[in-house]
Amino acid sequence: MVSRMRYFDNAATTQVLPEVAEAAYPYFCDNYGNPSSLHDLGFDAADAIRTARASVARGLNCYPSEITFTSGGTESDNIALLGTVGKRGRNRIVTTAIEHSAILETCAEARRRGFEATIVPVDSEGFVDVPALDSVMGDDVSVLSVMSANNVIGTEQDLREMSRIAHEHGALFHTDAVQGFTKMDIDVKRDGIDMLSLSGHKIHAPKGIGALFVKTGTEISPIVFGGGQERGLRSSTENVPGIVGLGKATEIAMASMAEDVPRMVRMRDRIIDSVLEIEGSALNGPRDRRLCNNTHFRFEGVKGTDLVLKLNRLGFATSTASACSAGDTEPSHVLSAIGLNAEQALSSLRVTISQLNTDEDIDALLGALPGAIAECRSQ
Ligand SMILES: Cc1ncc(COP(=O)(O)O)c(C=O)c1O
């Protein structure tokens, strides 16, 4: 049953590519050495990590030594903020109202530790309110953190503008690129990025592996302590199969990005155009400067969770807002931040694609959606 699902929840997680699983497999069963060990099994594992680190670095245009492997996007975000706040006498984090909870909850923890965090509003499409950002920046800011692309409504921020503002005030610029990596044109050098978080499971690698880019020379401390792996920034024996999978998935995505992104844009726009013909529908988030794989709608008189469950019964995997809030009865903080009221926010549907989706998947979804919405309205 499950295997016949048409999958439209790629912002929550993605299918691991067979090539990625194949690349990772030997590091579970054959080349299972600890990369710190002084024997061939250890050397093999260390070599594999070196290769993967170089692949991820190529994907960002940075040096391999600037990549730290972590357990995922959440840990990368935690290290980026908690590892830099308080340095150089700067005790404040600035971020936006639509960040993932991995950032917002880390800000809450920073406050509990005696630091400050300022949350900047966004406009009705999710773009950072630049005058508001300008007005709160100051020489007490350690880091400005702005996500590359939003996980709910797909808004892509102007990273160069954000890093320029951060640097004007001597602050570091961090971006959570968990959704944007390999789907947006990101070059950490060109874009002035000091730290960047990414996650394997959003790019067809396994769950539980991620990376943090930290520009050489950045003052940063670890948040977990132990054996000193990853140049001391992230102790714990390396997740070798996960790291190999992330490297392979990055290589594959970068090699086909020039083809995949325009194809996803075409599929995305077809979904948007067709859904907006349904009476009482509206698009959440922008039309332009939107992540290539994201669509997000609201439907008058529909409860989003009812629609997602109805679509599930019809064989379609979708979601309302983010996977973390899928069971919530509270409106998503992202939808509240762009000005939707509770009823509007709770009437939403997120359809997120990947390069593995086909036109036939989309025909099937677009064929089923009007009837499913009508049924939800008549309940
Ligand atoms: C924007 C964003 N940041 C961070 C995360 C957390 O990443 P991970 O699941 O790898 O911890 C997610 C996952 O949904 C995300 O979408």
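Me: How does the shell around the ligand divide into nonpolar, polar and charged residues?
Reply: This is a predicted model. The shell has 3 nonpolar, 9 polar and 1 charged residue.

Me: How many residues surround the ligand, and which are the closest?
Reply: 13 residues surround the ligand. The closest are Gly72, Gly73, Thr74, Asn151 and Ser199.

Me: How many bridges join E3 to E5, and do they run parallel or antiparallel?
Reply: E3, residues 92-96, runs parallel to E5, with 4 bridges joining them. Val94 has Leu144 of E5 as its bridge partner.

Me: And E6, how many bridges there?
Reply: E6, residues 172-176, pairs with E5 over 3 bridges, in the parallel sense. Leu172 in E6 stands opposite Val143.

Me: What unit do E5, H7 and E6 make?
Reply: A right-handed β-α-β unit, with H7 spanning residues 159-168.

Me: Domains next. Where are the bounds?
Reply: Domain 1 is 2-14 + 257-378, and domain 2 is 18-252. Their centres, taken over C-alpha atoms, are separated by 27 Å.

Me: How many residues does each domain give to the contact?
Reply: Domain 1 gives 25 residues and domain 2 gives 25 residues.

Me: On the domain 1 side, which elements give two or more residues?
Reply: Helix H8 (240-275), strand E10 (294-299) and helix H10 (333-337). H10 has the largest share, 3 residues. By class, that side has 12 nonpolar, 10 polar and 3 charged residues.

Note on methods: Residues numbered from 1 in each chain as written. Predicted model: local features only at pLDDT ≥ 70, side-chain atom pairs only at ≥ 80, totals over all residues. Domains from an automatic or database assignment. Contact = placed C-beta atoms within 7 Å. Nonpolar A, V, L, I, M, F, W, Y, C, P; charged D, E, K, R; others polar. Near = placed C-beta within 6 Å. Pairing = 2+ DSSP bridges. Right-handed = clockwise from strand over helix to strand, strands pointing away.
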